[in-house]
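Please read it with the structure at hand.

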Amino acid sequence: MGMTRQASGIYAFLDELRTAAQDYHALVALAGNPNTGKSTVFNGLTGLNQHTGNWPGKTVVLAKGFYRHQGKRLALVDLPGTYSLLAQSVEEQVARDFICFGEPDAVVVVTDATCLERNLNLALQIMEITSQVIICLNLLDEAKRKQIEIDREKLQSLLGIPVIPTVARNHDGLDELKTAINRLVFGGETPHPRRVRYDPDLETALTELSAELEPFQTRVNPRWLALRLLDSDYPLVKKIISYLNHHRRHTLKSTPQGVKL
Ligand SMILES: Nc1nc2c(ncn2[C@@H]2O[C@H](COP(=O)(O)OP(=O)(O)O)[C@@H](O)[C@H]2O)c(=O)[nH]1
Ligand SMILES: [Mg+2]
């Protein structure tokens with residue numbers, strides 16, 4: 001029961017965010033390894049239009065803020081810095097739960113251009129959960145200083161998602177980042193991120209289980225939900241069940257005839 005209540009706490013947190021925003025057009029999450037400039041990007045985008053809140057039931061503090069771009073009002077949440085979404089620290093759980101169950105319209109992964117390989121681990125994990133991902137290639141000034149050159153076009157086409165170069169400390173590239181977010185969220189184009197392939201037996205099981213999850217029409221990729229169900233991480237499985245139930249209620253509300261499932 002505890003986990004169910006905790007999961008519903010997430011929805012309370014989101015409801016509160018919505019009320020505070022007096023409705024926004026899109027919810028964007030900022031994820032990334034520690035020290036990649038996430039908070040600098042957050043401050044650059046939201047200015048003083050921000051406040052902090054506690055994640056329900058945890059000591060983790062999340063900064064949330066708002067900004068306008070091209071006539072749209074966007075809410076932005078600065079997630080805790082993490083190297084992965086799989087291990088069990090509270091920060092990783094909060095980041096993972098927000099990305100999954102918070103159903104952000106976009107996730108911006110802020111990466112350190114001086115050590116991109118390490119940063120891509122988290123990016124690839126997020127790309128398994130959702131297609132709505134943008135890479136913010138930050139600290140490019142530091143990379144240049146270290147004579148590291150990054151082929152943005154190639155990176156973009158290899159990953160299948162937009163890659164936006166920035167020097168957040170100087171506000172360089174932040175307008176381009178805002179425009180890329182709007183294009184991703186309101187532009188009607190769905191990216192096709194490159195996804196990790198597993199061994200054939202697992203792929204067969206994943207295909208079967210994903211097919212069972214498709215009818216829920218979740219924002220979270222059914223393939224990722226299937227992977228986690230197969231992991232048998234029990235607390236997470238309970239959250240997924242709670243999410244599917246919440247999702248079904250939500251879908252029912254917006255179904256004109258109120259079809260009974
Ligand atoms: N040189 C350089 N420093 C940056 C850039 N973006 C952020 N920083 C600095 O990197 C440090 C960590 O930034 P912060 O936003 O706190 O990172 P976070 O841990 O990801 O939230 C701070 O000293 C920032 O001023 C950048 O593009 N270039
Ligand atoms: Mg920070």
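The notes below are grouped by topic. The model is predicted. Its largest nonpolar core has 51 residues, and about 40 Å³ of space lies in its largest cavity.

**Nonpolar cores**

- Within the largest nonpolar core, which has 51 residues, Leu 79 and Ile 126 have the most contacts.
- Helix H4, residues 116-129, gives the most to this core, contributing 7 residues.
- This core lies between domain 1 (2-186) and domain 2 (200-253), because both domains give residues to it.
- Leaving aside neighbours within four places in sequence, Leu 79 is in contact with Ala 29, Leu 30, Ala 31, Lys 38, Leu 62, Ala 95, Phe 98 and Ile 99.
- In soluble globular proteins, nonpolar side chains tend to be buried together.

**Cavity**

- The count of cavities of 30 Å³ or more comes to 1.
- The largest cavity holds about 40 Å³ of space.
- Its lining consists of Ile 99, Glu 103, Pro 104, Val 107, Ile 129, Thr 130, Arg 219 and Val 220.
- By class, the lining of the largest cavity divides into 5 nonpolar, 1 polar and 2 charged residues.
- Ile 99 lines this cavity and is also one of the contacts of Leu 79.

**Second largest pocket**

- The volume of the second largest pocket is about 160 Å³.
- Pro 162, Ala 180, Arg 183, Leu 184, Glu 189, Thr 190 and Pro 191 form the lining of this pocket.
- The lining of the second largest pocket comprises 4 nonpolar, 1 polar and 2 charged residues.

**Lys 178 in helix H7**

- Lys 178 is part of helix H7, which covers residues 174-186.
- Lys 178 counts as buried because its relative accessibility is 15%, and buried means under 20%.
- Apart from neighbours within four places in sequence, Lys 178 is in contact with Leu 45, Tyr 67 and His 69.

**Helix H9**

- Helix H9 spans residues 222-231 and is mostly covered, with 7 of its 10 residues buried.
- The buried residues of H9 are Pro 222, Arg 223, Trp 224, Leu 225, Ala 226, Leu 227 and Arg 228.

Notes:
Residues numbered from 1 in each chain as written. Chains lettered and ligands numbered in written order. Predicted model: local features only at pLDDT ≥ 70, side-chain atom pairs only at ≥ 80, totals over all residues. Heavy atoms only, no water. 1 Å grid on protein atoms, 1.4 Å probe; cavity = no way out; pocket = protein on both sides within 12 Å on 5 of 7 lines; lining within 4 Å. Points joined across faces, edges and corners; volume = space filled by probe spheres on them. Nonpolar A, V, L, I, M, F, W, Y, C, P; charged D, E, K, R; others polar. Core = buried A, V, L, I, M, F, W, Y, C linked by side-chain atoms within 4.5 Å. Buried < 20%, exposed > 50% of the residue type's maximum accessible area, 1.4 Å probe, protein only. Helix = DSSP H or I, 4+ residues; strand = E, 2+ residues; numbered from the N terminus. Domains from an automatic or database assignment. Contact = heavy atoms within 4.5 Å.
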